[in-house]
Amino acid sequence: MNQLRNLTLVLLFTLLPLLPATAASVDAHFHFLSPGDASNQRWATYSSIFRGKVFSDSTLALKELKAAKVDKAVAISAGYFFIEEADAVKENDFTAQEIAKHPESFVGLCGINAGQAWALKEIERCKRLGFFGVKFHLTSAKVSLADKAQYAAFSKLVAKATELKMPVFLHVSYWVPQEVEAGISLSFEHPTGKFVYMHAFGPWYGHIFSLTASYLEDPKLVKNAYVDLSFTATYFNDAPASRKEDLVWTLRKFGIDRVFMGSDFPVSDVRAAFTDVRKYPLTKAELRGVEGANFEAFLRASGAKWGPQM
Ligand SMILES: [Zn+2]
């Protein structure tokens, strides 16, 4: 009997390390929107991603995630799309409440329109609401980082988020390379902050080289920059294999462990986006990281947890 038990134990300890690690998969880019605001007329710039959508809440998100066999998501408030403070407050409150309903499945990004006077105050309020980070969409806010004065004003918002230990998630305009470079320089200017460059700069992903080269030149620089592959993984999916290899090579040089996957729902459904990223020449371990383990590590490194940060 004892022998049988010993044999069982030996087998167990031999086989356990061979089982696949059960890292949660994470959609690092999922948009929420409160009911009625798709038809609100007061958008800064109306985002066509919400066309035909009535709302996007935790119930819809959980359904989407389940269909894609993805465990968790970063819920992004649509607050940054609006000009009026009351509209942003409504959106940020809505997303905070939705996260609190399913704290094991979501962390939240507060939506801030960087071009409005209430931005700083709303970042502070979002901290109290339990948001993990802050999302800025500078194209929608009509803020250009290529403009010195606008850059300086935006840098103050970044300093506030950093002081509150909230990572900054940045959508930088795709079309202006100077803005991409200015966006990158923010991460050097705020070494204690954390920066997630959304969509990995899209078609401008080659600008990641500015980060990589700077890290090489100055080994003391803090590697506080991260990217998510939402949109970009889909956009280059039908590109020649050499282009996909180039993207992966660029990300490896940058640090593949600082790369997340996201769907940008409702731009793409979660299952389609995660199917797209699996077609890139990533190793199994790299893919496990991109699909979730990297974000889990980022959350830990930020001193955060799933659910509201209370
Ligand atoms: Zn998005």
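Of the 310 residues in this chain, 43% count as buried, where buried means that 20 or more other C-beta atoms lie within 10 Å of the residue's own, 12 or fewer makes a residue exposed, anything in between is partly exposed, and C-beta atoms are placed from the backbone. The model is a predicted one: local features need pLDDT of at least 70 and side-chain atom pairs count only at pLDDT 80 or more, while totals for chains, interfaces and linings use all residues. Residue numbers run from 1 along each chain as its sequence is written.

**Overall build**

Let's start with the whole chain. A compact globule with 310 residues would have a radius of gyration near 19 Å, and the 20 Å of this chain agrees with that; the radius is taken over C-alpha atoms, and the globule rule is 2.2 Å times the number of residues to the power 0.38. The C-alpha trace spans about 75 × 45 × 40 Å along its principal axes. Among contacts between residues at least 6 apart in sequence, 80% join residues at least 24 apart; a contact here is a pair of C-beta atoms, placed from the backbone, within 7 Å.

**The sheet**

The secondary structure comes to 12 helices and eight strands. These are DSSP runs numbered from the N terminus, with helices (H or I) of at least four residues and strands (E) of at least two. Eight strands form an open sheet with parallel pairing, in the order S1-S2-S3-S4-S5-S6-S7-S8. Its edge strands are S1 (26–31) and S8 (259–260), each of which pairs on one side only. Strands count as paired if DSSP finds at least two bridges between them. Two of the pairings look like this:

| Strand pair | Sense | Bridges | Source of detail |
|---|---|---|---|
| S1 and S2 (residues 72–76) | parallel | four bridges | Val26 has Lys72 as bridge partner |

**The core**

The largest nonpolar core holds 81 residues, and those touching the most other members are Ala75, Val134, Phe136, Leu170 and Tyr197. Strand S3 (residues 106–112) gives the most to this core, with five residues. Such a core is a set of buried Ala, Val, Leu, Ile, Met, Phe, Trp, Tyr and Cys residues joined through C-beta atoms within 7 Å. Leaving aside residues up to four places away in sequence, Phe136 touches Tyr80, Ile112, Ala114, Ala141, Val168, Leu170 and His171.

**Helix H11**

Helix H11 (residues 270–277) has Val270, Ala273, Phe274, Asp276 and Val277 buried. Seen down the axis of H11, these buried residues fall within an arc of 155°, so they line one face of the helix; the arc is that of the directions from the helix axis to the C-beta atoms. They pack against S1, helix H2 (58–67), helix H9 (232–235) and helix H12 (284–301).

**Backbone details**

Some loop geometry deserves a look. The peptide bond from Phe265 to Pro266 is cis, with omega near 10°, and Pro266 is found in the loop between S8 and H11. Phe201 is not a glycine, yet has a positive phi of about 70°. Phe201 lies in the loop between S6 and helix H8 (208–217) and counts as buried, with 23 C-beta neighbours inside 10 Å. Phe231 also has a positive phi, near 70°. Located in the loop between S7 and H9, Phe231 is buried with 22 other C-beta atoms within 10 Å.

Notes: Two residues are in contact if their C-beta atoms, placed from the backbone, lie within 7 Å.
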